[in-house]
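Reader: I have a structure open and some questions about it. Can we go through it together?
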Amino acid sequence: MTPIARPLDDPASAGAPLESREPALALDGIVRRFRQGSERLDVLTGATLAVRPGEAVALVGPSGAGKSTLLQIAGLLERPDDGEVSIAGQACGRLGDAQRTAVRRRRIGFVYQYHHLMPEFSALENVVIPQMIAGRGRREAAERAKRLLSHVGLAERLTHRPGRLSGGEQQRVAIARALANRPLLLIADEPTGNLDPNTAGQVFALLIDLVRRGGLAALIATHNHELAQRMDRVLALRGGTVAQA
């Protein structure tokens, strides 16, 4: 894997002590319920956490504990039944759909277990398109996409479509895509869960290095406790609430 030579971005807060930085993500008393026929399923019952720029936080818990639901809410893809989500100090609970979409585009990057790349487009195009949707011109978007893909070791794969890339390469494209719009917050849901152990270790190391070099905040759900212990903190989701693991 090609080493990363320098930070991708240089946020002003990167050199400040971690504890002095405003949280990139704050969840306060998040409640989420679902109906199953006549029964009510309480998935989140008051989940609270904060993640600051430059901090990688692992979220662990048994299957069905609600990790994906919490990440969806943190990423403004789903609304809680109660509680508040704040992104960089901005309370998002009362924002309309268009405003929430704007915050996601400017502030949040996502990496999933399955890369969800567009199969008909090249690696480069998969990183260019989200930038153009956010309003960046094609030339500028292409230049940034090339830099990002080079940073993740794919400078020789720019024109390859996902079907011609290995699983690890596809996930590296997905990471580059997540960083394309210079987010403050990275949310990852089992980003190495679909990879073999060796590739998973490489992709995870790359992801964490990019987070720390770029001064991002990262909330990463994982079942891999060995990888979780390599992050700054480990939070456990059990019984609908979050606690230090």
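Reader: How many salt bridges does the count come to?
Author: The count comes to 10 salt bridges. Keep in mind that this is a predicted model.

Reader: Which glutamate does arginine 233 meet in a salt bridge?
Author: Glutamate 55, with N and O 2.6 Å apart. Arginine 233 is in strand 9 and glutamate 55 is in the loop between strand 2 and strand 3, so the pair ties together parts that lie 178 residues apart in sequence.

Reader: Is glutamate 55 buried or exposed?
Author: Glutamate 55 is buried, at a relative accessible area of 5%. Arginine 233 counts as partly exposed at 22%; the cut-off for buried is under 20%.

Reader: What does aspartate 97 pair with?
Author: Aspartate 97 forms a salt bridge with arginine 79, and their closest N and O atoms are 3.1 Å apart. That pair also links distant parts of the chain: aspartate 97 belongs to helix 2, arginine 79 to the loop between helix 1 and strand 4, and they are 18 residues apart. Aspartate 97 is exposed, with a relative accessible area of 58%, while arginine 79 is partly exposed at 33%.

Reader: And which residues are linked in a network of salt bridges?
Author: Arg32, Glu78 and Asp81 are linked that way.

Reader: What span should helix 6 have, going by its residues?
Author: Helix 6 has 18 residues, 197-214, and at 1.5 Å a residue should span 26 Å. Its end C-alpha atoms are 26 Å apart, which agrees.

Reader: What is at the start of helix 6?
Author: A side-chain oxygen of aspartate 196 comes within 3.1 Å of the backbone nitrogen of asparagine 198. After the helix comes glycine 215, with a positive phi near 70°.

Reader: Which residues of helix 6 are buried, and what covers them?
Author: The buried ones include Val203, Phe204, Leu207 and Val211. Among the elements covering the buried residues are strand 3, helix 4, helix 5 and strand 8.

Reader: Different topic: arginine 177. Where is it found?
Author: Arginine 177 is in helix 5. Arginine 177 is buried but has no salt bridge.

Reader: How far away is the nearest side chain of opposite charge?
Author: That is glutamate 120, 10 Å away. Side chains of opposite charge can pair when their charged atoms come close.

Reader: Then what lies 2.9 Å from a polar atom of the arginine 177 side chain?
Author: The backbone oxygen of histidine 116. Leaving aside neighbours within four places in sequence, the contacts of arginine 177 include His115, Leu117, Asn126 and Pro130.

Reader: Last one, the whole protein. How many helices and strands?
Author: Seven helices and 10 strands. The radius of gyration is 18 Å, close to the 18 Å that the globule rule gives for 245 residues, so the protein is as compact as a globular protein of that length. Of the 245 residues, 49% count as buried.

Methods:
Residues numbered from 1 in each chain as written. Predicted model: local features only at pLDDT ≥ 70, side-chain atom pairs only at ≥ 80, totals over all residues. Heavy atoms only, no water. Helix = DSSP H or I, 4+ residues; strand = E, 2+ residues; numbered from the N terminus. Expected span 1.5 Å × (residues − 1). Buried < 20%, exposed > 50% of the residue type's maximum accessible area, 1.4 Å probe, protein only. Contact = heavy atoms within 4.5 Å. Polar contact = N/O pair within 3.5 Å; in protein donor to acceptor, adjacent residues only side chain to side chain. Lys, Arg positive; Asp, Glu negative; His and termini not counted. Salt bridge = Lys/Arg side-chain N within 4 Å of Asp/Glu carboxyl O. Rg over C-alpha atoms; globule rule 2.2 N^0.38 Å.
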